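Subject: Structure for you to look at

Hello,

Here is the structure I said I would pass on. Please open it first and then read the notes that follow.

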Amino acid sequence: AVFLWSTGGLLIKLTTLDAYQVTFFRSFFAAITVIILTRKDGFKINLFGIFASIVYALTLFLFVWATKKTTAANAIFLQYTAPIYILLFGPFIIGEKFHWRDLITVVVVLFGMSLFFVGRLEITDYQGNIAALCSGVMFGLYIMLLKHPKAEELSPTVTVIYGNLILVAMTASSGIAAIPSLVPLDWFAVIFLGVFQIGISYILYIKGVRGGTRPLDASLIGFVEPLLNPVWVLVFVGERPSQWAVLGGAIIITAIAVHTIKQYSGKQTGALASDT
């Protein structure tokens, strides 16, 4: 699943479509894919699910916008600040406790984020970086909503379905108008993005987590995406992130990985002591 996620930056860069058009086609094919493969789970939704779907939709669109406006490395590294917002707002939304090590991690990640705005940047870089930060906020909020008790009343994939359908409706005019000008590479990119990079990957990730993968393993495997995403773009498109962005991304990923390991190792130690 994470390997498929990591292809997003490359395929978004390869297509000549703008952010609205990419969003329309990707969400259209993603919605169809998830509906077909998870139709047995039903499509029941409530007000909480609608809100979560809107948050999910904003996450997807802001990431596409960010990738079009700045480097793929900036977009994915800044989106992966999502765990920081979970640390900050988790105690208020899902009742998770805040520890001093959480504050240290937040400070370190904020320092890493600041490095993305160092050096010579065009106005589009600033727009893309800000959109990526907002995408990270939405992604963090979406994860917290999935952990909320009210989410247990819904199918795990229903917010993905409705979130993508919301985007299809919002970007329909731009997407439909672009159909006559699509070239084969555009079709390949948007179909792959929708069917595999969003649709099948999400189903695989849910299956892996629910199939017994430890939360620690799932979290650490997730860090493969921001590492591979800019590599694909560098190899196939030749886009090089700035040295400051690479350093900032390394700081962010390292800080979150170290925090995740310490957090779950502490829980496992407590569980072993309890069993004993």
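A residue is called buried when its relative accessible area is under 20%, exposed when it is over 50%, and partly exposed in between (1.4 Å probe, protein chains only). The model is predicted, so local features need pLDDT of at least 70 and side-chain atom pairs count only at pLDDT 80 or more, while totals for chains, interfaces and linings use all residues. Residues are numbered from 1 along each chain as its sequence is written, and side-chain values use heavy atoms, with hydrogens and water left out.

Salt bridge

The structure holds 1 salt bridge, a term for a side-chain nitrogen of Lys or Arg within 4 Å of a carboxyl oxygen of Asp or Glu. The partners are K13 and E239, whose closest N and O atoms are 3.0 Å apart. They lie 226 residues apart and link distant parts of the chain, with K13 in helix α2 (residues 8-14) and E239 in the loop between α13 and α14. Helices (H or I, at least four residues) and strands (E, at least two) are DSSP runs, numbered from the N terminus. K13 has 22% relative accessibility and therefore counts as partly exposed; E239, at 19%, counts as buried.

Helix packing

Two packed helices are described by the angle between their axes and the distance between the axes. Axes are lines fitted to C-alpha atoms, for helices over the stretch in contact, and angles run from 0 to 180 degrees between N-to-C directions. Angles under 35 degrees count as roughly parallel, over 145 as roughly antiparallel, 65 to 115 as roughly perpendicular and the rest as oblique. Contact means heavy atoms within 4.5 Å. For residue classes, Ala, Val, Leu, Ile, Met, Phe, Trp, Tyr, Cys and Pro are nonpolar, Asp, Glu, Lys and Arg are charged, and the others, Gly among them, are polar.

Helix α4 (residues 47-69) packs on α5 at about 150 degrees, with the axes 8 Å apart, so α4 is roughly antiparallel to α5. On the α4 side T59, F63, A66 and T67 take part, and they meet A75, I76 and Q79 in α5. This contact comprises 4 nonpolar, 3 polar and no charged residues.

Helix α5 (residues 72-79) also meets helix α13 (residues 224-236): their axes come within 9 Å and cross at roughly 170 degrees. These two helices are therefore roughly antiparallel as well. A72, A73, I76 and F77 of α5 touch a set made of E225, P226, N229, P230 and V233 of α13. Here the division is 7 nonpolar, 1 polar and 1 charged.

Between helix α6 (residues 82-93) and helix α7 (residues 100-114) the angle is about 140 degrees and the axes are 10 Å apart, which means that α6 is oblique to α7. The contact involves I84, Y85, L87 and L88 of α6, together with D102, T105, V106, V109 and M113 of α7. Its residues divide into 7 nonpolar, 1 polar and 1 charged.

Two single residues

H259 sits in helix α14 (residues 243-275) and counts as buried, at 7% relative accessibility. Leaving aside neighbours within four places in sequence, H259 is in contact with L87, R101, D102 and T105.

S174 belongs to helix α10 (residues 172-178) and, at 25% relative accessibility, counts as partly exposed. With neighbours within four places in sequence again left aside, S174 contacts Y20 and Q21. Its C-alpha atom is 9.6 Å from that of T23, a residue 151 places away along the chain.

Regards
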